[in-house]
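Trainee: I have a model to read and some terms to learn. Can we go through them one at a time?

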Amino acid sequence: MYMFKYVLKRLGLMIMTFCIIVVICFVLIKLLPITINVPIGEDAAKLEAQFEARGYYDPIPVQFIRYLKRIFLEGDFGIGTQIAEYRFRNVWDVFVEKLPPTVLINVYSSLIAIPIGIILGIFAALKKNKWQDHVISTGVMIFISVPSFVYAFLVQYIFCFKLDWFPLTMKSGFEYFTWDMFKSMMPAVISMSFGSIAGYARGTRAELTEVLTSEYMLLARTKGLTKRQATVRHALRNAMVPIFPSIVGEFVAVLSGSLIIEKIFSIPGVGGLYLAAINAQDYDFFMLLSEFYILVGLAAAIVIDLSYGFIDPRIRMGAK
């Protein structure tokens, strides 16, 4: 009962937070001046007519109400107006078209980063204060401190240019599950994996190191368990309690993607589309993608929070 009430409370807070942020985004983007960016030879009058029909010149509160009505009553998230490639196209259709590459490169990145990061963290904890631990800890600090786009340039130079293992940019097309397409995604996947590997390794090492020095581990050893048995049966299970929620959250947050990485490797995902919408002041694209990223971030936070109660039965979320 406590858990059910807690879930409802968190969902209510998530919806309220989502609405507040969406209103802020809508107001801020609408406060910018409308500039019709139409190259010579295109029908500027048609674009102006779309602005008029959709009420882009009405007061902001009126625009917001009309925007909500179009979404909930008509399922219309708007059309592209400023990005030349997607002008007059339904923004939802473009979004659905751009989503698979973003999801795939992030899923592949997570599948690589999670096992490697956890294994390195376990190894560093078991070799605490030895040279192996120092090497892993130093590497973790470097990988966490350096931005992912720096790794992107290094990956392009080493693996794509010098070794010629992968193409510099992602292959065009929609055959996402072919070997050539997978190979073309790997530079972006590798670039995104470094930071996640370091994060998992650091978290696993910290938790496992603390558990290994706990009193119940000493009790387990005095009862006759070997170090390996005590570590596998007790230490790892307890150390994973705070680690697994972050893994669950990672799988939810994969949809958020990496804006800069997508741009560097020409990934035709929602990240590049979001940057283009911001630069071009394309209102409908900006709002849809902002709502997407906001919702994913809030959902990831809730999943991480609630997963503690399912992973460790001793934790009762919402109990007084």
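Trainee: Why does Glu97 count as partly exposed?

Mentor: This is a predicted model, where local features need pLDDT of at least 70, side-chain atom pairs count only at pLDDT 80 or more, and totals for chains, interfaces and linings use all residues. Residues are numbered from 1 along each chain as its sequence is written, and side-chain values use heavy atoms, leaving out hydrogens and water. Buried means under 20% relative accessible area, exposed means over 50%, and partly exposed lies in between (1.4 Å probe, protein chains only). Glu97 has 29% relative accessibility, so Glu97 is partly exposed.

Trainee: What makes Glu97 and Arg89 a salt bridge?

Mentor: The term requires a side-chain nitrogen of Lys or Arg within 4 Å of a carboxyl oxygen of Asp or Glu. For Glu97 and Arg89 the N to O distance is 3.2 Å, and they meet in a salt bridge.

Trainee: Is Asp133 buried or exposed?

Mentor: Asp133 has 2% relative accessibility, so Asp133 counts as buried. Asp133 also forms a salt bridge with Arg205, with the closest N and O atoms 2.7 Å apart. Asp133 lies in helix α5 and Arg205 in helix α7 (residues 179-212), so the pair ties together parts 72 residues apart in sequence. Helices here are DSSP runs (H or I, at least four residues), numbered from the N terminus.

Trainee: At what angle do helix α4 and helix α5 pack?

Mentor: Helix α4 (residues 91-126) and helix α5 (residues 131-145) pack at about 140 degrees. That makes α4 oblique to α5. Angles under 35 degrees count as roughly parallel, over 145 as roughly antiparallel, 65 to 115 as roughly perpendicular, and the rest as oblique.

Terms used
Axes are lines fitted to C-alpha atoms, for helices over the stretch in contact, and angles run from 0 to 180 degrees between N-to-C directions. Helices (H or I, at least four residues) and strands (E, at least two) are DSSP runs, numbered from the N terminus.
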